[in-house]
Amino acid sequence: MQSIKNISIIGQGNVATHYFDIMKKKGFQVEMVSAREPFLISGFIPDLIIIAVRDEAIKEVSDKIGRVPCIIVHTSGTIETDFLKNNSNSYGSFYPLQTLKKGVAVDFSQIPLCTWANNEMAAKHLKTLALSLSRHHYELTDKQRKTLHIAAVFANNFTNHLFGIAKNILDKENIPFDIVFPLMEQTLKNAEQTNPFCVQTGPAQREDYAVMQEHLLNLSTEEQEIYKAISKNIIKHKQ
């Protein structure tokens, strides 16, 4: 199997668009194909096919592609890779650990790219491709990738939602959201340097129930539920 030079990306969403842009920039021959159209290998013969669509559409797209003479991967954090064995002798995953949005620039060199392949040669080619795009490569099994995805939901999706709640609370009193930016940045620095549980602060960590009760009186019913659940867990994990 030759090295990866020609790449077909199936999908036109956030991940597909970012992969297309960075691969084009790095000099690869790349085409981006709509998942809604039939996939046909014609004049452009790929060394790698990347299925970059919603999780629920991956199986349908792989069935549409059929059997191909190249490596085929998906970009999901949760879907098994074994069903791709019907598409190729070489298959796996090419998962970017980052929140990606069309039109939002990211430093791709800092994005952890997680790969896995069913054979050594394909694994080698995917690793080489990953390291040509980013400084950070990890080879993870399906189980490890699923575990990483769960952790990422807590570290990113849930945290971002809490940022949104914090902004809503500040907006009610016309307090600018950027007042908490230095606090947010320091929280991340602390987490990078040690076990986050060891640097936990706040009323729940102190078990200051008087302050916690006062906070609850100023929150909506929905916000109270979140506040109580997280505070309870903080107390449980006190160091």
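Buried means under 20% relative accessible area, exposed means over 50%, and partly exposed lies in between. I wrote that down before opening the model, which is a predicted one.

**Entry 1: Glutamate 207**

I started with glutamate 207, whose relative accessible area is 34%, so I noted this residue as partly exposed. I found glutamate 207 in the loop between helix 6 (203-206) and helix 7 (209-217). Its phi is near 55 degrees, a positive value in a residue other than glycine.

**Entry 2: Asparagine 174**

I then looked up asparagine 174, where phi is also positive, near 55 degrees, and the residue is not glycine. Is asparagine 174 buried or exposed? I have it as exposed, because its relative accessible area is 71% and the cut-off for exposed is over 50%. Asparagine 174 sits in the loop that runs between helix 4 (142-171) and helix 5 (181-193).

**Entry 3: The whole chain**

Next I stepped back to see the chain as a whole. I counted eight helices and seven strands. The C-alpha trace spans about 70 × 35 × 30 Å along its principal axes. Of the 239 residues in the chain, 37% are buried. I put the accessible surface at about 14500 Å², and 54% of that belongs to carbon and sulfur atoms.

I also checked how far contacts reach along the sequence. Among contacts between residues at least 6 apart in sequence, 55% join residues at least 24 apart. For the charges, I compared the mean position of the 26 positive ones with that of the 25 negative ones, and these two positions are 5 Å apart.

In soluble globular proteins, nonpolar side chains tend to be buried together. With that in mind, I went looking for nonpolar cores. The largest has 26 residues, and Ile7, Met23 and Phe94 are those with the most contacts inside it. Which elements each supply at least two residues of this core? My list has strand 1 (6-10), helix 1 (14-25), strand 3 (48-51), strand 4 (71-74), strand 6 (113-117) and helix 3 (120-133). Helix 3 gives the largest share of this core, six residues. I noted another core lying apart from this one, with 17 residues, among them Ile49, Ile51, Ile58 and Ile65.

Leaving out residues up to four places away in sequence, isoleucine 7 touches Met23, Phe28, Gln29, Val30, Glu31, Phe44, Leu48, Ile50 and Leu129.

**Entry 4: Alanine 130**

I turned to helix 3 again, where alanine 130 is found. Alanine 130 has a relative accessible area of 0%, so I marked it as buried. Not counting residues up to four places away in sequence, alanine 130 touches Phe94, Leu113, Thr115 and His137. I also took the separation between the C-alpha atoms of alanine 130 and serine 109: 9.7 Å, for two residues 21 apart along the chain.

**Entry 5: Asparagine 87**

My last stop was asparagine 87, in the loop between strand 4 and strand 5 (91-96). Why do I call asparagine 87 buried? Its relative accessible area is 3%, and the cut-off for buried is under 20%. A polar atom of the asparagine 87 side chain lies 2.8 Å from the backbone oxygen of glycine 66. Beyond residues up to four places away in sequence, I listed Ser62, Ile65, Gly66, Arg67, Val68 and Ile72 as the residues that asparagine 87 touches.

How values were computed
Residues are numbered from 1 along each chain as its sequence is written. This is a predicted model: local features need pLDDT of at least 70, side-chain atom pairs count only at pLDDT 80 or more; totals for chains, interfaces and linings use all residues. Side-chain values use heavy atoms; hydrogens and water are left out. A nonpolar core is a set of buried Ala, Val, Leu, Ile, Met, Phe, Trp, Tyr and Cys residues joined through side-chain atoms within 4.5 Å. Buried means under 20% relative accessible area, exposed over 50%, partly exposed in between (1.4 Å probe, protein chains only). Helices (H or I, at least four residues) and strands (E, at least two) are DSSP runs, numbered from the N terminus. Contact means heavy atoms within 4.5 Å. Accessible areas come from the Shrake-Rupley method with a 1.4 Å probe; for residues, only the protein chains shown count as cover. Lys and Arg count as positive and Asp and Glu as negative; His and the chain ends are not counted. The place of a charge is taken as NZ of Lys, CZ of Arg, CG of Asp or CD of Glu. A polar contact is a pair of N or O atoms within 3.5 Å; within protein, one must be able to donate a hydrogen and the other to accept it, and residues adjacent in sequence count only if both atoms are side-chain atoms.
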